Amino acid sequence: MSHSPSHVKDGQLVPSTPSSPAETLRGNALSPNQVTEGASPLDTDWAPLRDVGIEVVTRDDAAYAQARKNYNTRVARYPAAIAFCASSEHVSVTYHFARQRQLAFRVRGGRHSYEELSLMDDGLIIDVSRLKQFKLLERDGEFHALVGAGMRQEDIYQRVGALGFVFPAGTAPTVGVSGVAQGGGIGMMSRAFGLTLDNIVSIQLVKPSGELAVVSESSQGLDGELFWALRGGGGGNFGIVTAYTFRLHRVPELTVFEMRWRYEQFIEVMRYWQKWAPETDRNLTCQLTFETRGTMDAGSNPMEVHAEGLYLGSPEALQHLLEPWARAVKPLEGYPRVERKSFCETTEFFASFDGPPHPYKTTGAFAYESLPEEALKTLVRFLDTAPSRQCSLWMQSFGGAFADKAPGDTAFFHRKARFILEFVGAWKTGSLVGAQCARWSQGLRDALLPHTHGTYVNFVDLSLSTPGTDKAHQKFLGMYYGDNVQRLRDIKTRVDPDNVFDFEQSIPLLTKAPEPAR
Ligand SMILES: Cc1cc2nc3c(=O)[nH]c(=O)nc-3n(C[C@H](O)[C@H](O)[C@H](O)COP(=O)(O)OP(=O)(O)OC[C@H]3O[C@@H](n4cnc5c(N)ncnc54)[C@H](O)[C@@H]3O)c2cc1C
C-alpha cells in the first residue's frame with residue numbers, strides 16, 4: 001500500500017485524494033451527529049485498523065512497555081492502545097475510527113511533553129512518529145523542507161545539514177518536531193532566524209472535522225486563523241498535524257563558544273549577561289546553565305556556571321564579541337573557547353540536555369526585564385538549597401529575530417521577553433528526593449513571579465491548573481498565551497465546536513453568549 005500522505009504542487013503541500021480501503025473506514029468528514037455510542041478503548045476490536053496496515057499495540061503485547069513509555073518517567077500512564085500511524089491516511093483513518101466509537105484519545109509525536117500530555121490512561125494514543133517523509137522543495141528562489149510530523153529534531157538536522165542548509169529548532173536531538181513547532185521552538189538560532197514556528201510555510205493536518213487539509217501563509221478565513229493558532233497554540237488543540245513545510249536557511253560559517261566561571265561569580269555573570277545577551281549581534285544566541293549544590297545528594301559537587309552559544313560567523317568575530325564580557329567577569333582559565341563547526345556538529349555540541357528518560361518536574365518563566373538584585377539573591381538561595389544536583393537553572397537570550405514579530409502576529413505571545421528561564425527539577429531514577437525536587441522547581445518559579453511574565457506552553461506545567469475549576473479561569477491560559485487567549489478560544493470554538501481535542505490544559509471553548517430574551 002502506498003503511504004504517500006500528500007503530494008507537492010507548486011512547492012506547497014497538498015493532501016492526497018482519498019483511496020480505499022481506508023476510505024471505507026474514513027468516509028466523509030464527520031459531523032457530531034454521526035458519532036455513535038460504542039465500546040470503551042479497553043474492549044475495542046482494533047482489527048479494522050490492523051486490516052489497513054496500522055500497527056496497534058495493546059496491553060497484552062510484548063511491545064507495550066516500550067510503546068507506552070515517554071521521556072519523563074515521573075508520570076506513568078497506561079493507555080488501552082497505541083496506534084502507530086505510518087501515513088497521513090493512517091492518521092485520518094484512526095481519527096475517524098476513534099470518533100465513530102467515541103474513544104478518548106491523545107496525539108503523540110516525539111514523546112517529550114513535560115507532563116506526558118501525549119499519553120492518557122485507558123485511551124487510544126494516535127502516534128505519528130512513523131511519519132518520517134522528507135523532501136527538499138524549491139519555490140520562488142527559496143528552499144523549503146517538507147517534513148513528516150514524526151521527525152525528531154535530529155532527523156531534520158541530519159537531512160538539511162547534508163544538503164548544506166540549517167534549520168532553527170531546539171537543542172535536544174530526540175524531541176519531536178510535532179510538539180516543538182506548535183508551541184514555539186526555542187534554540188540556538190532563535191536570535192538569527194526566530195522560533196521554529198516562524199519558519200513554517202504550511203501545515204498539513206487532520207482537522208477536528210476529520211478533513212485532511214493544508215493551511216498555509218496564504219490561507220484565508222478560518223483556515224488562515226487556524227494557521228495562526230497552530231503557530232504557538234501548543235500541540236493537541238487544533239487537530240492532528242501530519243506534516244510541515246519549513247523555510248530553510250544557508251549560513252556560510254558557524255562558530256560555537258563555551259565559557260565557565262566559579263559558582264561564586266554567579267551574580268556577576270548574571271548582571272552582565274542579562275543586559276548584554278539580548279542586545280548583542282543577532283547572529284549570536286547564548287545560553288547559561290547554573291548547576292546546584294544538591295543538599296540531599298552524597299559527595300561534593302564542584303559547582304560551575306556555564307555559558308555556551310552559537311554564532312553565525314567567524315571565530316575571530318565571535319572572540320571580539322565575547323571579549324568585553326570575559327574582561328568584565330573573568331572566566332576560568334582557558335575560557336572562552338571558540339571553535340568553527342559544521343551545522344550538524346553544532347547540534348551535537350548543544351545536545352547535552354537529552355540524556356536517557358528520567359524523572360523530572362520542570363517549569364519555566366519569561367523575563368521581560370533584567371532581574372533586579374533581589375531576584376538574583378532569590379536565585380542564589382534556591383541554587384544553594386536544591387535537593388539534588390540533577391536540579392539546575394537554564395536561561396537563553398532572546399531579542400533579535402525572536403522579537404521581529406509582534407505578540408499577536410502568531411499565537412506565540414511572549415515576543416517581548418529578553419530571555420527565558422527554565423527551572424529543572426530533576427532527580428535520579430529511584431532517588432527518594434523526587435517530591436522535594438518538584439517543590440524546588442515550583443517554589444523557584446513562584447518566588448520569581450513578581451519579576452517574570454508567564455511561561456512557555458512547551459514547558460507545560462499542570463501545577464498551573466486548579467482541579468475542579470473552569471479551565472477558562474485557570475492560570476495556565478494567561479501564562480502561556482497572554483493577550484492571545486481570546487483569539488485562540490474563538491478559533492478553538494469555530495474549528496473544534498465539540499471540543500474533541502480536550503485534555504488537561506487544552507484551550508477552552510468560548511462560553512455561549514446567552515440567548516436573547518423573548
Ligand atoms: C529533554 C528536553 C529538551 C527540550 N529542549 C527544548 C528546546 O531546546 N527548545 C524548545 O523549544 N523546547 C524544548 N523542549 C520542550 C519541547 O518543545 C516540548 O516538550 C514539546 O512539546 C515536545 O514535543 P514532542 O512531539 O516531542 O512531544 P509529545 O509528548 O509527543 O507531544 C507534546 C504535545 O504535542 C501534542 N502533539 C504531538 N504530536 C502532535 C501532532 N502531530 N499533532 C497535534 N498535536 C501533537 C501532544 O498531544 C502533546 O500535547 C524540550 C523538552 C525536553 C523533554
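This is a predicted model: local features need pLDDT of at least 70, side-chain atom pairs count only at pLDDT 80 or more; totals for chains, interfaces and linings use all residues.
Residues are numbered from 1 along each chain as its sequence is written, and side-chain values use heavy atoms, with hydrogens and water left out.

Q: Why are α12 and α13 called roughly antiparallel?
A: The axes of α12 (residues 373-385) and α13 (residues 434-448) cross at roughly 170° and come within 10 Å. Axes are lines fitted to C-alpha atoms, for helices over the stretch in contact, and angles run from 0 to 180 degrees between N-to-C directions. Angles over 145 degrees count as roughly antiparallel, under 35 as roughly parallel, 65 to 115 as roughly perpendicular and the rest as oblique. The two helices are therefore roughly antiparallel to each other.

Q: Which residues make the contact of α12 with α13?
A: From α12 come Ala375, Thr378, Leu379, Phe382, Leu383 and Thr385. From α13 come Trp440, Gly443, Leu444, Ala447 and Leu448. Contact means heavy atoms within 4.5 Å.

Q: What makes up this contact of α12 with α13 by class?
A: It has 8 nonpolar, 3 polar and no charged residues. Ala, Val, Leu, Ile, Met, Phe, Trp, Tyr, Cys and Pro count as nonpolar, Asp, Glu, Lys and Arg as charged, and the others, Gly among them, as polar.

Q: Which residues come nearest to the ligand?
A: Val107, Gly109, Ser118, Ile186 and Tyr456 do, of the 33 residues around the ligand. A residue is near a molecule if one of its heavy atoms lies within 4 Å of it. By class, the shell has 14 nonpolar, 16 polar and 3 charged residues. Helix α6 gives the most, with 4 residues.

Q: How do you know that the peptide bond from Tyr335 to Pro336 is cis?
A: Its omega is near 0°. Pro336 lies in the loop between α10 (315-328) and β15 (337-341).

Q: What is the phi of Asp140, and where is this residue found?
A: Phi is near 50°, a positive value in a residue other than glycine. Asp140 is in the loop between β7 (134-139) and β8 (142-148).
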